[in-house]
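The following note concerns the domain arrangement and the ligand site of the structure shown below.

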Amino acid sequence: MNYENIYIEEEKSWATITIDRPSKLNALNQRTIEELNVAFKELDEDPDIKVIIITGSGEKAFVAGADISEFAHFSVKEGRQLAAMGQKNLFNLIENLTTPVIAAINGFALGGGLELALACHFRVSSTNAKMGLPEVSLGVIPGYGGTQRLPQLIGKGRALELIMTASMIDADKAFVYGLVNHVVSPEELLPLCHKLANRISNNSTVAIKHAIKAVNAGFKYDADGYAVEIDAFGHCFGTDDFKEGTSAFLEKRKADFPGS
Ligand code: COA
């Protein structure tokens, strides 16, 4: 696929996807969602890529939401379809990806932009970021999983206040809320993500994949997280990574995981 609205840079063991529509504050139109779907799937299948970082181009925005100009005239049926397809093709895809995904929030993360960050496995923010779910100010609600993932992360009361007031919070408040794990200057944002990616890359990709699956299961109504954890834990004992990790510890050397 020829990417028009995103670009990908690969460095060492990680890839950075940059959403590149700065004149529209990187708003997520359908084309961008399709491109992200393809990019995430391809990178997830690449054994050399151990971590994916997603960010926005320019100094102003991560993503300022779904592209309002695209859905302003949608019918009920089209609205349902927009949410259902977006959830399936991008937001659920990212959450359940076996490769860890870090959101590097470099400015406005609003509506679908915050929902995109929420679908990532964790979030790092620059000091100038502003986050919120302003959908009710447009007469709609978050449709890309925001009503579910925001309360999971920051609690129901805080999430409902943010949703009902349609207000934005700054990076420091997002940190206090547990919405982002780190707040650093804009210049330090990607270097910190690279440092975290490097740390993650030193560990077993197979074990990380199972950890993501077990943690996610705890938030699914049709799954028993504890049972998924037991299965995933047991599965690890049959992997080469487990043999290497335990041998390296006992032999007092650094593990070199084969990744299987
Ligand atoms: N969808 C489509 N276009 C968007 C957009 C979105 N979600 N967010 C920003 N843009 C566009 C603007 O229309 C403008 O385009 P134009 O120059 O062709 O008119 C451009 O991006 C720059 O935005 P602008 O509003 O001029 O920047 P600002 O600094 O004055 O304000 C925001 C920044 C983020 C406060 C403002 O753009 C905004 O409120 N965006 C919508 C946020 C939102 O409601 N998101 C949820 C959608 S469900």
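**Domain interface and ligand shell**

1. In this predicted model, domain 1 and domain 2 bury about 700 Å² between them, and carbon and sulfur atoms give 62% of that area. On the domain 1 side, the residues that lose the most area to domain 2 are Asn96, Thr98 and Gln152, which together make up 49% of what that side buries.

2. The domain assignment of the protein chain places domain 1 at residues 6–201 and domain 2 at residues 205–250. Taken over C-alpha atoms, the centres of domain 1 and domain 2 are 26 Å apart. The contact between them involves 10 residues of domain 1 and seven residues of domain 2.

3. Turning to the ligand, 17 residues surround it, and the closest are Lys24, Lys60, Ala64, Ala66 and Ile68. By class, this shell consists of 10 nonpolar, three polar and four charged residues.

4. For Ser23, a backbone N or O atom lies 3.4 Å from an oxygen atom of the ligand.

5. On its own, the ligand has 860 Å² of accessible area, of which the protein covers 60%. The elements that contribute two or more residues to the shell around the ligand are α2 (68–71) and β6 (108–110).

Definitions and conventions. Residues are numbered from 1 along each chain as its sequence is written. This is a predicted model: local features need pLDDT of at least 70, side-chain atom pairs count only at pLDDT 80 or more; totals for chains, interfaces and linings use all residues. Side-chain values use heavy atoms; hydrogens and water are left out. A residue is near a molecule or strand if one of its heavy atoms lies within 4 Å of it. A polar contact is a pair of N or O atoms within 3.5 Å; within protein, one must be able to donate a hydrogen and the other to accept it, and residues adjacent in sequence count only if both atoms are side-chain atoms. Accessible areas come from the Shrake-Rupley method with a 1.4 Å probe; for residues, only the protein chains shown count as cover. Helices (H or I, at least four residues) and strands (E, at least two) are DSSP runs, numbered from the N terminus. Ala, Val, Leu, Ile, Met, Phe, Trp, Tyr, Cys and Pro count as nonpolar, Asp, Glu, Lys and Arg as charged, and the others, Gly among them, as polar. Domain bounds come from an automatic or database domain assignment. Contact means heavy atoms within 4.5 Å. Buried area is the accessible area (1.4 Å probe) that two parts lose on being put together, summed over both.
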